[in-house]
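I opened my notebook for this one and wrote things down as I looked them up. Here are the entries, in the order I made them.

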Amino acid sequence: MGYTGGTKKNPSYHNLGDHTETIQIEYDPERISYEKLLDIFWHSHSPESSSWSRQYMSAVFFHNEEQRWLAMESKNGMAATLKTGIQTQILSYTGFTPAEDYHQKFHLRDDHALMEEFKHMYPDAREFVASTAVARVNGYLGGYGTMEQLTKELESYGLSDEGKTRLREIVAKSGHRREACPIP
Amino acid sequence: MNIGKGSSVLHTHIPPIDKTVPVKVETATFALG
């Protein structure tokens, strides 16, 4: 998570300038396509809603011409499906400033036990943020992913037996769960 | 669960999922409102 699209140097949460809050994903296109990421993106926000501020606007920040074309194509498809104007913008990527540590992996930070396990695995904050295991567990704690998906992946997260049991119990107890990204 | 002092479940390893070597890495950036 971080800040993108503005001109202010060294933005921070309390001094954001003209930047927008964004998520930045490093992915292997051999495992998940940009089209699939766009599909998840369009179904993870309300593209017909106007934003109240630049901080919280909806946008795709394309990194190259192929991404720009695919983003525009998917936006046109979404407009045809919704039969309404799309407020989500397609903008050129101009840089990314990572947000402060306390803004990263929000749901995981609320779970002391699981957070402690990952902090022990990744004492370096940059490695913690870059971890796929951390991202997956944060997603499950945030209501994404099914028990079936979790069961397939759980052993790959490096958690203790207690941690695995805890995560399974949390997922089992929660109600409606949204689909997670396919395993990377 | 107490993962702190005295726990026998401390891990110093890298999670298996994080050992996966990507064939190629690309970057995507989204703002979700």
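Predicted model: local features only at pLDDT ≥ 70, side-chain atom pairs only at ≥ 80, totals over all residues.

**Where the two chains meet**

I started with the contact between the chains: 24 residues of chain B are in contact with 44 residues of chain A (in contact means that the C-beta atoms, placed from the backbone, lie within 7 Å).

Residues are numbered from 1 along each chain as its sequence is written, while chains are lettered from A and ligands numbered from 1 in the order in which they are written.

**Chain B on its own**

Next I checked what chain B is made of: zero helices and one strand (these are DSSP runs, H or I of at least four residues for helices and E of at least two for strands, numbered from the N terminus). Of its 33 residues, 24% count as buried. Buried means that 20 or more other C-beta atoms lie within 10 Å of the residue's own, exposed means 12 or fewer, and partly exposed is in between, with C-beta atoms placed from the backbone.

Which strands of chain A does strand 1 of chain B join? I found two. Strand 3 (residues 58–62) of chain A runs antiparallel to strand 1 (residues 26–32) of chain B, with four bridges, and strand 2 of chain A is also antiparallel to strand 1 of chain B, with five bridges. Two strands pair if DSSP finds at least two bridges between them. I looked up B:Thr29 and saw that it is the bridge partner of A:Phe61 and also of A:Gln24. A:Val60 has B:Phe30 as its bridge partner.

Is strand 3 of chain A enclosed or open? Five of its five residues are buried, so strand 3 of chain A is largely enclosed by the rest of the structure. A:Ser58, A:Val60 and A:Phe62 point one way, A:Ala59 and A:Phe61 the other. Strand 3 of chain A also runs parallel to strand 4 (residues 89–92) of chain A, with four bridges, and there A:Ala59 stands opposite A:Gln89.

**One side of a helix**

I then went through helix 1 (residues 34–42) of chain A and listed its buried residues: A:Tyr34, A:Leu37, A:Leu38, A:Phe41 and A:Trp42. They cover an arc of only 135 degrees around the axis, which puts them on the same side of helix 1 of chain A (the arc is that of the directions from the helix axis to the C-beta atoms). They pack against strand 2 (20–27), strand 3 and helix 2 (65–82) of chain A, together with strand 1 of chain B.

**Two cores**

Last, I looked for nonpolar cores, meaning sets of buried Ala, Val, Leu, Ile, Met, Phe, Trp, Tyr and Cys residues joined through C-beta atoms within 7 Å. The largest has 16 residues, and A:Phe118 and A:Tyr140 are among those that touch the most other members. Helix 6 of chain A gives the largest share of this core, five residues. A second, separate core of 15 residues includes A:Tyr27, A:Leu38, A:Phe41 and A:Met57.

Definitions and conventions: Contact = placed C-beta atoms within 7 Å.
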